[in-house]
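Me: I am new to this structure and would be grateful for a close look at a single part of it. Please set that part in the context of the whole.

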Amino acid sequence: MIKSLAEWSEQDYLLLAIPHKKTDWLPYLDEILYSYIELTKIVSKYQKVLLIAPDDNDFKPFKDIKNTEFFICETNDTWIRDYGAIDILRDGKLCSLNFTFNAWGNKFSSELDNMVNKKLFKNKFKTRLDDVNLILEGGSIDFNGEGIMLSTKKCLLNANRNKLEMSILDTKLKELFGLKKIVWLEHGFIKGDDTDSHIDTLARFIDEKTVAVATCDDVQDEHFGELLAMKTELLNEGFEILELPIPSAKFYEGKRLGATYANFIFINNAIIVPTYKDKNDDLILKRFENFFKDKDVIGLDATVFIRQNGSLHCSCQNRFKGLRWL
């Protein structure tokens, strides 16, 4: 029996691949490292953090943070949500799936990122890792833990991924993740997201029946129609909705950035929510606080993260607890 895991399941580690001088972060490396240090400090209060970087010197700013471990490994990119192994339960035991990563449709280099999981599981976790002959990013899927998965047609059915008919891919993913149903959204996009509409920028389960959904209150904004249509799709599926109105347009060097509150992180006993120095920040935090009565809700400035087309959730991958393959 196979079971997909909701992200509020108990975690062993949160994995972060640190920005370094060989990445596109170089022009503002100090700024993004400060943000990663702040993120690591928050997570380490609740659970263990595993930092990944090419050189031991990359870990120096993090060495004094408690609950933090280090793994030396070359990377092309920092967005480990999309190339990190995805945990499932198989017959009650934790197993991890290693999909192929092609950098969101061969937009960037990914040969180093595709080696991270094999090195990590050989030298650090030493638990079962199954290779899967499919292109799939962690940010493109979201589970409710009860057999339902959310995704978007624009991403998973894009010709730059697997070139499979929806019925074939639907069957394969149901088998891999032990699913009853996949909700294939027709609508939804966030300007500045170069992943072809990852679900983690748009709509995320926050319990078995409730989806936190990016919405737009400005009828003049380019997102208004698509996000409204996406919300309607989810309502028609019978889900409860927690609306997350997107912030006002954010720009860097003349480019609109992909600012969305849907890119939050579940950790043990807390939720980390991206903020953007925006009037909606307090509104969003209050909505999360009202929903998650039993968790701490922590805002973290993500304005530097979005310069490279991702946000908080994109920057990390969950390693869940469970009975282990030995």
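How many helices and strands does the secondary structure of the protein come to, and where is Asn-76 found? Which residues does Asn-76 touch?

Reply: The model discussed here is predicted. The secondary structure of the protein consists of seven helices and 20 strands. Along the principal axes, the C-alpha trace spans about 50 × 45 × 40 Å. A compact globule of 326 residues would have a radius of gyration near 20 Å, so the 18 Å of this protein agrees with that expectation. Buried residues account for 60% of the 326 residues. Of the contacts between residues at least 6 apart in sequence, 72% join residues at least 24 apart.

Asn-76 may now be considered within this setting. The residue is found in the loop between strand S4 (68-72) and strand S5 (86-90). Asn-76 counts as buried because its relative accessibility is 17%, the cut-off being under 20%.

Leaving aside residues up to four places away in sequence, Asn-76 touches Thr-23, Ser-109, Ser-110, Glu-111, Leu-112 and Asp-113.

Notes:
Residues are numbered from 1 along each chain as its sequence is written. This is a predicted model: local features need pLDDT of at least 70, side-chain atom pairs count only at pLDDT 80 or more; totals for chains, interfaces and linings use all residues. Side-chain values use heavy atoms; hydrogens and water are left out. Helices (H or I, at least four residues) and strands (E, at least two) are DSSP runs, numbered from the N terminus. The radius of gyration is taken over C-alpha atoms; the globule rule is 2.2 Å times the number of residues to the power 0.38. Buried means under 20% relative accessible area, exposed over 50%, partly exposed in between (1.4 Å probe, protein chains only). Contact means heavy atoms within 4.5 Å.
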